[in-house]
Amino acid sequence: MYVNIIIICIFVFLAGFVDAIAGGGGLISLPAYLFVGLPVHNAIATNKFSAACGTTFSMLTFSKHKALDWKVAIISAVASFISSFLGSSLALVIDEAILKKIILIALPLVACFILFKRDKYEHNNTQIQHTYTTYLQAFLVGAVIGFYDGLIGPGTGTFAILAYSFFMHYDLVTASGNAKVLNVSSNYASVVTFLLSGKIMFFIGIPAAMCGIFGNYIGASLAIKKGGYFIKIIMLVVIITLFIKILVQGL
């Protein structure tokens, strides 16, 4: 068991580092929990707990450097909290075999999406005029991505960054900062749901959360300085490796 915890902590640290820069940390951390043999519901719940802790520190780092738009991010966060709660509730009642198939399909799809996303979606406009349309977009982004985060999770941060940059024309650093606020909200909604159901394995989640916090702090600091897309290749290599292992185990 101690070896399994060490394995999870290593990958949660890497997940936090990657997630703080470009999103998609769940692509690394969730397969790691599943790889060591945790039941799928416990894996999702414990992963949410460690992710919530790490993303909180990442959000604070972006906020400290004023690299996010709080008005837009809070609207998205409210929508995300509600829809994530609904998504997590649905995840608890779905048959475990079906949920495994959903995860198995979602992981490569999200990885391919990250691999083939185009640079033309990277805007450089930090001056966003706040209108009713802006707030509506922020709400929709939070609602859709929050539901996905509560139901499955992996790739949520990346989808949020792309939504803020492509649909709302934020630069990537600000989009990443906004995404962290959204992620924090949806993660805590999921944590509450899974906490009430008793699915979180704290003896694994707490040390993993500490490693995730460290990874998020380093990643967020680097993202603010250099941006996030150089990490894409590393993330994809790790995901492909873990995905193959999950297949071998017969997820």
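**Exercise 1. How far apart should the ends of helix α1 (residues 2-22) be at 1.5 Å a residue, and what does the model show?**

Solution. The structure is a predicted model, in which local features need pLDDT of at least 70 and side-chain atom pairs count only at pLDDT 80 or more, while totals for chains, interfaces and linings use all residues. Residues are numbered from 1 along each chain as its sequence is written, and side-chain values use heavy atoms, with hydrogens and water left out. Helices are DSSP runs of H or I with at least four residues, numbered from the N terminus. The expected span is 1.5 Å times one less than the number of residues, so the 21 residues of α1 should span 30 Å, and this agrees with the 30 Å between its end C-alpha atoms. After α1 comes glycine 23, which has a positive phi near 75°.

**Exercise 2. Describe how α1 and α2 pack.**

Solution. Begin with the angle, which runs from 0 to 180 degrees between N-to-C directions, the axes being lines fitted to C-alpha atoms over the stretch in contact. For α1 and α2 the angle is about 165°, and their axes are 7 Å apart. Angles under 35 degrees count as roughly parallel, over 145 as roughly antiparallel, 65 to 115 as roughly perpendicular and the rest as oblique; α1 and α2 are therefore roughly antiparallel to each other.

**Exercise 3. Classify the pair α4 (residues 70-93) and α6 (residues 132-151), and then the pair α6 and α8.**

Solution. The axes of α4 and α6 come within 6 Å and cross at roughly 30°, which makes α4 roughly parallel to α6. Their contact has 12 nonpolar, 10 polar and one charged residues, where Ala, Val, Leu, Ile, Met, Phe, Trp, Tyr, Cys and Pro count as nonpolar, Asp, Glu, Lys and Arg as charged, and the others, Gly among them, as polar. For α6 and α8, the axes come within 10 Å and cross at roughly 45°, and that makes α6 oblique to α8.

**Exercise 4. Which residues lie closest to the centre of the largest cavity, and which helix gives the most to its lining?**

Solution. On a 1 Å grid over the protein atoms alone, a cavity is a set of points where a 1.4 Å probe fits but cannot get out, and lining residues have an atom within 4 Å of a point. The largest cavity holds about 260 Å³ of space. Of its 26 lining residues, the closest to the centre are Asp19, Gly25, Gly26, Ser29 and Ala51. Helix α3 gives the most to this lining, with six residues. By class, the lining has six nonpolar, 17 polar and three charged residues.

Terms used
Helices (H or I, at least four residues) and strands (E, at least two) are DSSP runs, numbered from the N terminus. On a 1 Å grid over the protein atoms alone, a cavity is a set of points where a 1.4 Å probe fits but cannot get out, and a pocket is an open set with protein on both sides within 12 Å along at least five of seven lines; lining residues have an atom within 4 Å of a point. Grid points are joined across faces, edges and corners, and a volume is the space filled by probe spheres set on the points.
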